[in-house]
Every structure is written in structure tokens, then in C-alpha cells.
Amino acid sequence: MRLRYGFCIGVLLIIGLPGIASATEADQRLLERADNLVSYMNTDFSAEYTIVQEKPGQSRTTTVTAIFRRDSQEMYVIVVLQPAVSKGQGYLKQGKTLWLYDPESRRFNSTSSQDRFQNTNARNSDFTRSTLAQDYHVITGANEKLGRFSCRVLTLEAATNEVTYPRMKIWISDDGLVRKTEDYSLSGQLLRTSAIPDYYKIGQRYVPKSIRFDDELRGAVINGSFVKERTVITISRPSFEKVVDSVFSKTFLETVNR
Amino acid sequence: MKLFQLIQLSVKYLYRNLRRYFFLLLAVGFGFCIVTLITSLSDGMTDSVYYSAQAHYAGDIMIAGYKNATGTRQRISETNQVLQAISAAHVNPAHIVQRTIFPEQGMLFYNGIAVRQKYVIGVDWQNETEYFRNLNWDVPVKGNLSDGDAIISDPVAREFKAQVGDQITLEVETETGQKNTGVFIIRGIVKDSTIFGYYKCYLSRAALNRLLLFSPEECSIIGIYLRSRGAVEKAELSLQAEMEKALFTSPLVADRGEFRGRREEPWQGIRHFVLTLAVQLSEVSDLLRAMQLITYFLYAMMLLIILVSATVTYRLILRERTREIATMRAIGFYEGDIRIILLFEVFFLCIIAVAAGYAAAMFFAWLASFLPFDWMPSFEIFMKNGRLEALFLPATVLLNVFLVLSILIPAVWFPAFAVSRNPLPEMLSGGGRV
């Protein structure tokens, strides 16, 4: 009797393990593909990002920024165009260093990629290229329907201890594009949910049309129910034209609004 | 025997001339009251700063471990070695505490409201029972505290509109920047509006260690409460010597500026610092120095007023008593006897004035404790449990008595000396020098 059980388990292991391994490998490749579709290693990228922050019970705030990305060199520049009070503020990312420029004091302060962007639910790291396959291992994968999309849902665990969210769940649609993510803390608490319902297709490249971030911890109780704080980023005027080198410099941020 | 009789006579004359001495009694008593009030409030304020700082920094001397790359974050991994060094230093501690501290970036959430905490402090509940007993509570803790419990400050509770029993979420970041969260139950709310306590919450050290990915033995600082404040300097030196033998330890620092400088130096691993409260408080020392300068100025002014008013009043009294003194001389009192009687009169007057002044100072200090100082920015640091508290240190009070006497005696000695030496006929006719 015991032998029979042992045999069955052995057979299951022999049949099942490579299947699980190959599924994980395929999922890891899927993750790489998802990264590649929204990373622009051969060209520069620029666009206008309109960031609308909704705090329940308070008025909406809108921030308009111009963003310039050079993924091949891990650089980006963000210039705040609106509101007037923040106009001229800018971010310069050079490798792992992120500078924040304040036009009032005319000073650059180093800031963290993990910090909230302009006090919204987006983080400074949300504006850089996607490196999910580098930063995370796929733990499990399953198929799931997400609205009109047939998705592969991957559970990810951080490969390094330097990423903000140690655990993630990610929904990748059949076309290889990320449609939804859930960011978790080390203890497994859901901290943030993001959704990307639509993308622009420009040549072989994809650019999100809008990204919605729901903060799972911040919000307010209105009429007895919890309403989450939300940030919606709408991306317009995407371009893959070459951006002049001088844009990726401190001098650019100092002079852009003079 | 003669001296005793002269002293008895001086008491008798003081009683008889009490109406004449009344203004002098009032002047000296008021002066002593003000001087005592100034010094006791000043001592009380200094003590409040020290008390708050001692509670906040966990002791009179603390050993902190810093990893260079993590800025303000503290970590001691070799806890046992540090404890052995403390034991070897023979500092005779009254109490030793271990705390894990997460500064600046801790975020508390309740019903969607987020409040950044200046300090999230992990403590050993059992070991710090005495500390928590002495806190000023808005809602005190009932029963024993466990790993899932939290104590928050009154301003945070008000911002959350939260009560004891409510569930809060704490978000922290590990050393490498990973988010971690824990859910805690509010078990107590403390009133602490000093700069050390506005946005502050307490958890169990074990729980905070888990969130920060510290091992259970690790901590951020080890605080040492000494039996006497006077022992700090000696204890600091012997602790430093033992720490240098046991672990990688920075040289002693004199103030926060030097401390910052040392922390900017490059190093590998965990570097330990032996820090006294004087170092931690060096940034508020300017404030304390300004307060002391004002105190000294007021003190000097008050002593000057006592000197002038005593001199003037006493000369007037002696002028009125010229005939009486002349009669005493005429019936056989020596000049020296008269001087002794006059001096003892003032001495006993001074004792009455000091006692009355002390009682009045205590009364005014009690009244001052009800004064609101909310309008004065940063003044909370000088208050204990939200009230101005006077501290009547015996040494300071005795020094004040000595100073008042040392001003008063010369102020009366010279007129007493002059009046006793006047020619008798001149005095009997109501004249003579005073």
C-alpha cells in the first residue's frame, strides 16, 4: 500500500515538475516581453503627462509635466509645467541618482526613486523603464479574465532587496502588455493597485494611454464606505524623436523656465 | 552668656520695632521671593528639558550603532558585546534599556488618514514599565502590553479621530528600502507635546524588529540610566574605553555638530557612538543659555534692588532710633554691644523675610504652573506634562539665602557701625552720622 503511494507520488513529480518549471520559465519570458514592449532602448522618448490626484472629500489637483526618457542610459528628465506654484520644478535621473530641482531656492536635492511623485500616488520610479524581469522572480502563474482581456496573472517576489515592493501580482494580457498590478508589502499587505487599460501603438512600441493608481491605505471614509485615494496619469503627445543631449542635464532644468 | 543676653535683647527690640522694620521686611522678603522664583523656575525648566530628553533618548548615556550608508538609521547587531562592555565599565547603572528606533519615515494609517511619525520606537514593554508609568497619559494602558499593541501620541490620535482599541497600520521601510507593514491595536494615548513627542509611537521592540528585518537580539540604541547626573562624565569615559576595546567605536564627540561630522566619515560595518545627553541636547543649548542669561540678569537686578532698598530703609530706621540707641549707651551699653544687637535684629528679620519669601515663591510658582504658554513657539520643551514646573533645589535655595545675607549684612553693618560710634550728646539731641 505504502509502495503504491510512493510510486504515484514519484510519477506525479516526474510528470509535474518539468511542467511547473517550464511554466515558470515561460512566465519569466512573458515578463521580459512585457518589459521590452514598454522599454525604449534604441531611441529616446518624450511625452506630456497629466497627473490628476483625487483625494476623497477634497478637490482634485492636476499636475502637467513634460517627460524625456533615455532608457539606454537609465536617464529621465521631468519638468513640471502646471500648476503655477510648482512650475519649473524638475527631476533628473542619472543612473541610480535622482535629483529634484527647486526653482525657488535654485537648488538640487537628491531624492529617492521610492518617494511619492509630487505627493501623488505615483512614485518617482514609475516614470522609468520597466525592469520587472530583472527585479522579480515569478513564483506562480495562472490564467484569468480581466474584463475584456484574457490575462496571465503572475505572482512575483523580489529578486533583490532594493525594490520598493517586495511582492507583486501582475496581469499580462495576450498581447504581452501589463494591464494591472498589485503591489504588496513584505508582510503581504496590499499597498497599491495600478491599471493600464489602453496603450498607444507606435510602430512596434507601446506607450500607455493612461495609468491609474489606487492607494489601498490612503483615502477617507465617506458615507460609511472607504474611498481610496487615486491618481490618474494621462499620457499625450508621445514621441520617439531623438532628444538633444543637453536636456539630460542640470543646466537644462535650471534654464528651462527662465 | 553676655552674647546670649544680647541676642535675646535683639529679638525683643526687633519685636518692639517691628512696625519700623516692616518695610525692610517686605523689601527683603519680596526680593528673596523673586530671586527664589527665578532660580526655581530656571532649574525646573532645565530639569524639564533634561527629563524629556532623558526619557526620549533612553537614559543619561546611550550607545548607538550607525551604518554609514543608512543616514539617520541606527542598528546595533552585537548587542551582547555592548552589554558586556557596559558591565566591564563599572558605571553602576540604575537601569539599562534597549530600543529599536525607526526615524522620520514611519507612516501610520487609520481609516485612510496617513500621519508620518517622527519616531517609531520599539521598546521592551516589561523592561520599561517605570518609564511608561511616568508618562502623562490621555488614555492610559490597561493590563499588560503585547507584540500587537501600540501607544500613540495625543496629536496623532486627534488627527485620526481614533480611540483605544482601534486598529492602525504602520508602514516602514527596511534598510534597503522595501516596504513593510504591520497592523497594531491602539492600547494607550500619551500626552506629549514636547519637540520629542509630537509625532511618536511606541511598539514592542520584537514587532518593530520583525518589520525592519532586524534579528530579535538587535536594537538601535542601548540607553543607560545612571544613579546620579554627576556621574555622567566619568561613566562616559569608562564606557568609551570599554567600547573601544570591544567594538568599532567612534571617538567621543562634544556636540551634535561634531557628531554629524563623525557620521559623514566613511566606514565599513556598524560604528558605535557613546553619546551623552549634553551631546544630544547641544542644539537646544543655545536656548538654555539664553534662558540662563536672562535668569542671571534678573537675579543680579533683584539683588541690587535688595541692596539699595535695605540700605536706604535701614538708615531711615536708625535715624528714627538714634535717641533710643543713645539712651542705651547712656545706661552702660558698649558700642560693640549695640552693634551686635543691631546686627542680630537684622539677622532675625532676614530669617523671617526669607521664610516668608520662600513661601511666597512657592505660591507664585504654583500659580505660574497654570499659565498657558502655547503662544510661545518651542516653549513646550521647558514644560513637564504641559505645565511650567519649579524646582526648589536645596543647594540653590541655600545659595540664595547666603547671597541675600551677604548683601544685607554689609548694607546694615556700616550704618550700625557709624551710629554706634556717634558722640553721645549729639545722639541724645537726635543728631549724628548714620
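Residues are numbered from 1 along each chain as its sequence is written, and chains are lettered from A and ligands numbered from 1 in the order in which they are written. In this predicted model, local features need pLDDT of at least 70, side-chain atom pairs count only at pLDDT 80 or more, and totals for chains, interfaces and linings use all residues, while side-chain values use heavy atoms, with hydrogens and water left out.

At the interface, 18 residues of chain B are in contact with 21 residues of chain A (contact: heavy atoms within 4.5 Å). The two chains bury about 1,500 Å² between them, 52% of it on carbon and sulfur atoms; buried area is the accessible area (1.4 Å probe) that two parts lose on being put together, summed over both. On the chain B side, the most area is lost by Gln178(B), Lys179(B) and Thr181(B), which together account for 38% of what that side buries. Two or more residues each are contributed by β2 (93–110), β3 (113–123), β6 (167–173) and β7 (179–190) of chain B, where strands (E, at least two residues) and helices (H or I, at least four) are DSSP runs, numbered from the N terminus. The largest share, four residues, comes from β7(B). Six nonpolar, nine polar and three charged residues make up this side. Between the chains, the count of salt bridges is zero (salt bridge: a side-chain nitrogen of Lys or Arg within 4 Å of a carboxyl oxygen of Asp or Glu).

Within chain B, helix α8 (residues 256–264) has Arg256(B), Phe259(B) and Arg263(B) buried (buried: under 20% relative accessible area; exposed: over 50%; partly exposed: in between; 1.4 Å probe, protein chains only). These buried residues fall within an arc of 55° seen down the axis of α8(B), so they line one face of the helix; the arc is that of the directions from the helix axis to the C-beta atoms. They pack against α2, β1 (61–67), β10 (270–276) and α9 (277–280) of chain B. In helix α11 (residues 322–330) of chain B, the buried residues are Thr322(B), Ile325(B), Ala326(B), Met328(B) and Arg329(B). Their arc around the axis is only 155°, which puts them on the same side of α11(B). Gly332(B), with a positive phi near 120°, follows α11(B).

Ser48(B) is located in helix α2 (residues 18–57) of chain B and is buried, at 1% relative accessibility. Beyond its neighbours within four places in sequence, Ser48(B) is in contact with Ile381(B), Phe382(B), Met383(B) and Lys384(B).

Over all chains, the whole structure contains 38 salt bridges. One of them joins the side chains of Glu48(A) and Arg237(A) (3.1 Å, N to O). Glu48(A) lies in strand β1 (residues 45–54) of chain A and Arg237(A) in strand β15 (residues 225–239) of chain A, so the pair ties together parts that are 189 residues apart in sequence. Arg237(A) is exposed, with a relative accessible area of 63%. In chain B, Asp147(B) forms a salt bridge with Arg210(B), with the closest N and O atoms 3.4 Å apart. Asp147(B) is partly exposed at 35% relative accessibility, whereas Arg210(B) is exposed at 52%. A network of salt bridges links Asp44(A), Arg70(A), Lys242(A) and Asp245(A).

How values were computed:
Nonpolar A, V, L, I, M, F, W, Y, C, P; charged D, E, K, R; others polar.
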